[in-house]
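Try each task yourself before you read the solution.

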Amino acid sequence: LDGSSWCGEEWEASYRESSGASWSRRLFMVKGFLTGGEAQRILSIAETSMKFQVGRDTVDQKPTFEHYCIVKGVYVNRQLETVLRPIVESRLLPYIRNRYGIPDAVVCTSLVRRYLNDERRVHPTHRDSHALCTAVLSLNAGHFSGGLYVQ
């Protein structure tokens with residue numbers, strides 16, 4: 001991948017909108033984007049020092065249980081910044097810029113969402129219409145069933 005030292009598995013799919021649009025969307029699924037150590041550091045910060053918001057979610061009006069890490073392009077959690085900035089700058093942005101052909105793409109928003117047994121367990125199907133691109137990074141992929149759903 002140009003501009004990145006990351007190497008991993010990637011799958012690609014494309015699909016047409018059900019509305020009959022003449023264009024199609026591209027989806028990329030990447031395995032191994034985070035190292036186990038990086039995911040564990042983010043989880044550790046989440047479990048020990050993050051305050052999760054519980055405001056109403058715009059998709060289903062249930063509590064969000066989310067913590068914003070980047071807002072309007074600015075890192076707002078200094079502890080997470082030390083882990084996230086190298087991932088964003090050396091892997092995520094080069095990947096997005098290359099795959100979507102947008103050399104000036106930036107990260108606007110980043111959040112951690114938690115799913116605990118006695119809290120939120122699902123997030124209904126929706127479209128992130130405010131984003132040019134959405135990246136979902138699983139922090140504990142071995143501890144749940146499900147994942148990214150594309151419609």
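**Exercise 1.** Which residues do ring pairs link into a cluster?

Before we start: this is a predicted model, where local features need pLDDT of at least 70, side-chain atom pairs count only at pLDDT 80 or more, and totals for chains, interfaces and linings use all residues. Residues are numbered from 1 along each chain as its sequence is written, and side-chain values use heavy atoms, leaving out hydrogens and water.

*Solution.* The cluster joins Phe 28, Tyr 95 and Tyr 100 through ring pairs. Rings of Phe, Tyr and Trp (its six-membered ring) pair if their centres lie within 6.5 Å; planes under 30 degrees apart are stacked, over 60 edge-to-face, the rest tilted.

**Exercise 2.** Work out how Phe 28 and Tyr 95 are arranged.

*Solution.* Step one: there are 2 aromatic pairs in the structure. Step two: the centres of Phe 28 and Tyr 95 are 6.4 Å apart and the planes meet at 90 degrees, so this pair is edge-to-face. Step three: Phe 28 is in strand β2 (residues 24-31) and Tyr 95 in helix α2 (residues 78-100), so the pair ties together parts 67 residues apart in sequence. Helices (H or I, at least four residues) and strands (E, at least two) are DSSP runs, numbered from the N terminus.

**Exercise 3.** Is Phe 28 buried or exposed?

*Solution.* Buried means under 20% relative accessible area, exposed over 50%, and partly exposed in between (1.4 Å probe, protein chains only). Phe 28 has 11% relative accessibility, so it counts as buried. Tyr 95, at 6%, is buried too.
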